Amino acid sequence: MILVYILLLLSVLLNLLFFIFDVMPYLAPALEKRFKKQTSIGVNTIEIEKRVVNASLATIQRKKSIMTWSAENLYLTLQSIHRHRASVGREFKNYNYPRAYLMYGISTYLIKSGDEARLNELKHYFDKHYIFNTGQPRFHVNKVDQAIFGIVAIHLFTVYEENKYRVFANSIFDFIHANYSKNKIVLYRENTMNELNDTIGMIVPFLVKYYQFAGNQLALEIARNQLSFFIEHGTDRETYLPSHGIHTITRIKVGSSNWGRGIGWYFIGLKDFHEVSGEFEAQYLGLCNTVRKLKNKEGLWDQFPGSDDTFDASSTTLIIYSLPQKEYNSEKLLKQLSKYISKEGFILQTSGDTERPNLYSRAFGKSELSQGVLLLILSKYKHEVR
């Protein structure tokens, strides 16, 4: 009988562990999405905006990234099956595009708001975790995902005029330039089989900002060539939609042509470049027209617009930010999104990181990326305080 009780206890414990580590990670986001009382519905838009800002500032203080990087990281069973795969380490997550876009959004919003006190807090955090006093980055600059940190440094330089931020931005540009000089375009990863539209959303906004900051014509040339390559080989001639990637040898389009975040990556780079140069007008206006037709019933965008009904905060925020400013205002935007913004101020429902073209995450959760881009959108509708 003792053996039976021991086996029964072990069975209960194993089932409890399975429920906690495999069932709950799946149920939690679904429950968070379903129960509207957890969101900001019914809250006035001024208060929602305050909560979004507060949640964003609290998020950068977290040691652990809130982005869903892989469904395998959520479930104990999948972790056991895929033990041979290298895990995404904390350093990779903290020096990557979600955290970069969050800090980009925060710095933009605080500067536009004239919020000197909280900008000082951001400066202190950036100085402590991302930059040495010499201006060299505290991390190894080796991924295009890190380029947006250069915009944060430029923003801090414009306010504080400390040379270390200029040195930091130069380091980011030097990495991009070296990649470009070697490959004639900036590759997403060294020796990659496929060039991805992610690269455009990660480097072109920085290159445009760096051009405006340093007067560096080469930065604008690199951005132009990056977009030209993708327009020629990776976009549809009628809809102007970008495929996720281009095979570097055959120039064949690969991956989804309606992956929402991928559309956003391409769109944000195209928008920033078009605004400063006036070039690629047909492509920009054509894509604007197409994405308007791909809205879902809520007037927002899904993970795969046109073929999916699962709202994706990253698709939606990137696309809205890239559309002409006149199409939205902060009140209209926050009313539309309120059912997807938690009471704490986090925008929900961002699809997890993509492993490769045609292998897209079906896990959803909070993300620094969507939080940061939402702040960029709100910044567009604030009058700059000097």
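A search of the whole structure, which is a predicted model, finds 18 salt bridges, a salt bridge being a side-chain nitrogen of Lys or Arg within 4 Å of a carboxyl oxygen of Asp or Glu. In this model local features need pLDDT of at least 70 and side-chain atom pairs count only at pLDDT 80 or more, while totals for chains, interfaces and linings use all residues; side-chain values use heavy atoms, with hydrogens and water left out, and residues are numbered from 1 along each chain as its sequence is written.

One of these pairs joins R51 to E47, with 3.1 Å between the closest N and O atoms. Both residues belong to helix 2, which covers residues 45–60, and because they are four residues apart they are separated by about one helical turn. Helices here are DSSP runs (H or I, at least four residues; strands are E, at least two), numbered from the N terminus. An α-helix has 3.6 residues a turn, so residues three or four places apart point the same way. R51 is partly exposed at 23% relative accessibility, and E47 is also partly exposed, at 28%, where buried means under 20% relative accessible area, exposed over 50%, and partly exposed in between (1.4 Å probe, protein chains only).

E49 is buried, with a relative accessible area of 12%, whereas K382 is partly exposed at 26%.

In helix 11, which covers residues 260–277, K271 and E275 are again four residues apart, about one helical turn, and they form a salt bridge with the closest N and O atoms 3.2 Å apart. K271 counts as buried at 4% relative accessibility, but E275 counts as exposed at 56%. Elsewhere, K123, D127, E162 and K164 are linked in a network of salt bridges.

Helix 10 can be followed from its start, where N216 caps the N-terminal end through a side-chain oxygen that lies 2.9 Å from the backbone nitrogen of L218. The helix itself runs over residues 217–234, has 18 residues and reaches 25 Å from its first C-alpha to its last, close to the 26 Å expected at 1.5 Å a residue, the expected span being 1.5 Å times one less than the number of residues. Among the buried residues of helix 10 are A219, L220, I222, F229, F230 and H233.

Terms used: A polar contact is a pair of N or O atoms within 3.5 Å; within protein, one must be able to donate a hydrogen and the other to accept it, and residues adjacent in sequence count only if both atoms are side-chain atoms.
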